[in-house]
Amino acid sequence: MSSEKSRILDNAQQYTIRGQIQKAIEEWKKLLTNSPNDANIYNTIGDLSLKNPSSTNSAGEAVSFYVKAAEIFESSGFALKAIAVYKKILKITPNNKEIYLRLGNLDCERGLIGNARENYLMAAKLYTQDGFIKEALEVYRKIADLDPSNLSVRTKIAEMFMKEGMKNEAIGEYIKIASEYLKGGSKEDAEKIYDLILDLEPDNISAIVEAGRFHLENGKVESAIEYGKRAYNLSPDSQDVLLLLVDSYNSAAIYDKAEELLLKIIELNPGDLPFRETLAAILFNKGDIGNASNEYFEVGKEYLNQRNFEKARLMAEKAEEFSPDMINIQELLFDIYLLSNRKEDVIGKGLFLARHFEELGKVEDAREYYLKVLKEDPFNVEAKERLDETEVKESVFQITETEEDTEEITGKYLPVP
């Protein structure tokens, strides 16, 4: 400690002992010149200000210094010290809305949800009493976010928004309430909320789509289609609207309309492969097996190019299920198995393709797959015998250790690295 700081502290202590509080405060303030962010100094000045008989606003002055001290403690990561100072402030000003809000925020950061809720509720109550409704609503939203399933709080928020003429905000809360009812299995309550929303705003796209989804999930397909049409008339390019109609038409076995709308979605989102998966499923549902198989095949290739081997395999195996005789599908599966290190599948599919090409008289293609099988399983009897029978020279199929290290396996559908 410097001699100057020591001198100031000694003077402050002497003034305090003598009851000369104002002079003690002035001494402490001198320390702020070199230590402007020392929370302890502000806290001490706050304590002294509260005892200052010469001030006409000792409480107000004390609060201002306490607030500064608490802010510095909080920003420096000393949450407990900040909370202690905020509680000092509440003893002086028990209706201080801002302090209750700050305490709630600190409790949230520390994971003390019960304490946070208590402080937030007090802040919201005080804001409401003083006529600061928008501020109260923001605090109630914080409370609702602490416990989304507390529907009484969310309902209160929605009602307050309506009283304030904030219809969009009220609808947003009602949608959250309906969602929570659905999560809890209260379907009738959810339906009532959706009806309430549409009474407030008949053209609310989100509410119409959510209501349509609700009806679809509860087996009311015709109602879902009607909601979908209603939303489509308001927003024909909305992806949510289009998907509602696609799913509704698909459930109603109106596959042509489902396909038509899904193609529109794909046109708007050409790189979104899950939509193309849905298209393949719809094509299958309508009995168009050839195009369904082809779509699964094309989607499988795209997933392979993205090196998403698991999705590529699922799509290619779907295509194989519908069109087992399509060799390009079998070749795609071989490449997928190879890249995803599915050794047994590589051997099985490789032998299958080699036999197929051998039967067609395409000897070179057959040899290529026999060699690939041998790279995975150098002792595979069938592959060795078939190479012998096609009179391949020893130098062609005998893979040396050096060649194994340098040989590049190429496939028709392997992705570009």
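User: Which hand does the crossing have where α10 passes α11, left or right?
Analyst: In this predicted model, α10 passes α11 in a left-handed crossing (the near helix is turned anticlockwise from the far one by less than a right angle; clockwise would be right-handed).

User: Why are α10 and α11 called roughly antiparallel?
Analyst: Look at the axes, which are lines fitted to C-alpha atoms over the stretch in contact, with angles from 0 to 180 degrees between N-to-C directions. Those of α10 (residues 167-183) and α11 (residues 187-200) come within 8 Å and cross at roughly 165°. Angles over 145 degrees count as roughly antiparallel, and α10 and α11 are therefore roughly antiparallel to each other.

User: What residues meet there, by class?
Analyst: The contact of α10 with α11 has 13 nonpolar, no polar and three charged residues.

User: How do you know that the chain is more spread out than a compact globule?
Analyst: The chain has 24 helices (DSSP runs of H or I, at least four residues) and zero strands (E, at least two). Its radius of gyration, taken over C-alpha atoms, is 37 Å, well over the 22 Å that the globule rule (2.2 Å times the number of residues to the power 0.38) gives for 417 residues, so the chain is more spread out than a compact globule. Its C-alpha atoms fill a box of roughly 115 × 65 × 30 Å, taken along the principal axes.

User: Where does pLDDT stay under 50?
Analyst: pLDDT, the predictor's confidence in each residue from 0 to 100, stays under 50 over residues 392-402 and over residues 404-409. The chain's mean is 88.

Note on methods. Residues are numbered from 1 along each chain as its sequence is written. This is a predicted model: local features need pLDDT of at least 70, side-chain atom pairs count only at pLDDT 80 or more; totals for chains, interfaces and linings use all residues. Side-chain values use heavy atoms; hydrogens and water are left out. Angles under 35 degrees count as roughly parallel, over 145 as roughly antiparallel, 65 to 115 as roughly perpendicular and the rest as oblique. Ala, Val, Leu, Ile, Met, Phe, Trp, Tyr, Cys and Pro count as nonpolar, Asp, Glu, Lys and Arg as charged, and the others, Gly among them, as polar. Contact means heavy atoms within 4.5 Å.
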